[in-house]
Amino acid sequence: MGGCSSKSVTNGVSEDTKMVDQATLDKLEAGFAKFQATESKSLLKKYLTKEIFDALKVKKTSFGSSLLDVVQSGFENPDSGVGIYAPDAEAYIVFADLFDPIIEDYHKGFKKTDKHPPKNWGDVDSFANLDPNGEFVISTRVRCGRSLQGYPFNPCLTEAQYKEMEEKVSSTLSGLEGELKGQFYPLTGMTKEVQQKLIDDHFLFKEGDRFLQAANACRFWPTGRGIYHNDNKTFLVWCNEEDHLRLISMQMGGDLGQVYRRLVSAVNDIEKRLPFSHDDRLGFLTFCPTNLGTTVRASVHIKLPKLAADLSKLEEIAGRYNLQVR
């Protein structure tokens, strides 16, 4: 497993030595040799050349993360599409020679000289109801990911940090008012009744998949994890699932404008009390490089009876418009 370590920081400089220990180096060398022999089609395989590997294998962030923390999931799962995660916000800078080309490839041409636009939500009134007559759209969902400033991402969090973050998040969310007012449910000690209710509402998240497990992102499970939802069940927050926060606005029907405005007002309210990890070039920083910038993803659950009968045709048409079928 990776080499994140707890450490003390003085004036922003880690007291850890910046050298990677021999055991981590040995794991990296063995993992790289084995990975090179695979037929992996991941972006990690495409961009982790021997030259880049040799340049980065000795580096560490001030949180103690090494290249092993970045690549271990991709090494263990050669069938990954991407294959890397950021163990902390600094990793995007320290290991930029690997992250930058992968980000450019995945995000269709965001070059290392490019800068994400300043953070704003645009004209929130520009979105309308996509399906006013209710013919096609079953439900609409818009979500974003956020990381709390000053904390590493999942692989490097200590058990104490998980608990501290959960406490900060639950107390912040308990201050939400109006249509956002609701309740926080910690996963630790959750009763069977609450668990079943959250499963029935499709709100409960499970421990991470093999990609997250291999990235060391599921330690101390379920400590520090929790779910918040408003009374109307149209706004949801996942705490410490894959990211520190996943904020989700959703409702039945196609009123994208209403869904988006609810998310914007919630995120703005929370950000006043919990500063988020943000980079001038990459935008909001999260655990996975596929999820940078605004980190906003919008989806609709729609009826396509004729296309649904031919999955390959459906996927081909979706691919033409850079859409994913989930």
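**Two domains.** Start by colouring residues 18-107 and residues 137-321 of the protein chain separately: the domain assignment calls them domain 1 and domain 2. The model on screen is a predicted one. The centres of domain 1 and domain 2, taken over C-alpha atoms, are separated by 26 Å.

**The annotated stretches.** Next select residues 24-108. An unreviewed UniProt entry labels this range "domain: Phosphagen kinase N-terminal". Then select residues 136-326, where the unreviewed UniProt entry places "domain: Phosphagen kinase C-terminal". Here the chain is 31% helix and 23% strand, with end C-alpha atoms 17 Å apart.

**Where the domains meet.** Show both domains again and look at the side of each that touches the other. On domain 1, 21 residues are in contact with 25 residues of domain 2. The size of an interface is often given as the accessible area lost when the parts come together. For domain 1 and domain 2, the area buried between them is about 1,900 Å², and 62% of it is on carbon and sulfur atoms.

**Polar pairs across the interface.** Keep the interface in view. Between domain 1 and domain 2 there are nine residue pairs in polar contact, counting pairs with both residues at pLDDT 80 or more. On the side of domain 1 that touches domain 2, helix H4 (67-76) and helix H6 (96-106) are the elements that give two or more residues. Of the elements there, H6 gives the most, with four residues. By type, the residues on this side of domain 1 are 11 nonpolar, six polar and four charged.

**Salt bridges.** Side chains of opposite charge can pair when their charged atoms come close. How many salt bridges cross the interface of domain 1 and domain 2? The rule finds two. Now select Asp 79 and Arg 210, which form a salt bridge with the closest N and O atoms 2.6 Å apart. The count of salt bridges by this rule comes to 14. For another example, select Lys 57 and Glu 29, whose side chains meet in a salt bridge at 2.6 Å, N to O. Lys 57 is in the loop between helix H3 (50-56) and H4, while Glu 29 is in helix H1 (residues 22-36), so this pair ties together parts that are 28 residues apart in sequence.

**The loop between H9 and E5.** Move to the loop between helix H9 (210-214) and strand E5 (226-230), where Pro 222 sits. The peptide bond joining Trp 221 and Pro 222 is cis, with omega about 0°. Select Asn 216 as well, which is found in the loop between H9 and E5. Asn 216 is not a glycine, yet its phi is positive, about 70°.

**Arg 281.** Finish at the loop between strand E8 (278-279) and strand E9 (283-284), where Arg 281 is placed. Leaving aside neighbours within four places in sequence, Arg 281 is in contact with several residues, including Phe 110, Lys 111, Asp 114 and His 116. Asp 100 is also one of its contacts, and the side chains of Arg 281 and Asp 100 are joined by a polar contact of 2.7 Å.

Definitions and conventions:
Residues numbered from 1 in each chain as written. Heavy atoms only, no water. Domains from an automatic or database assignment. Contact = heavy atoms within 4.5 Å. Buried area = accessible area lost by both parts, 1.4 Å probe. Salt bridge = Lys/Arg side-chain N within 4 Å of Asp/Glu carboxyl O. Polar contact = N/O pair within 3.5 Å; in protein donor to acceptor, adjacent residues only side chain to side chain. Nonpolar A, V, L, I, M, F, W, Y, C, P; charged D, E, K, R; others polar. UniProt positions renumbered as here; feature names shortened; annotations may be inferred.
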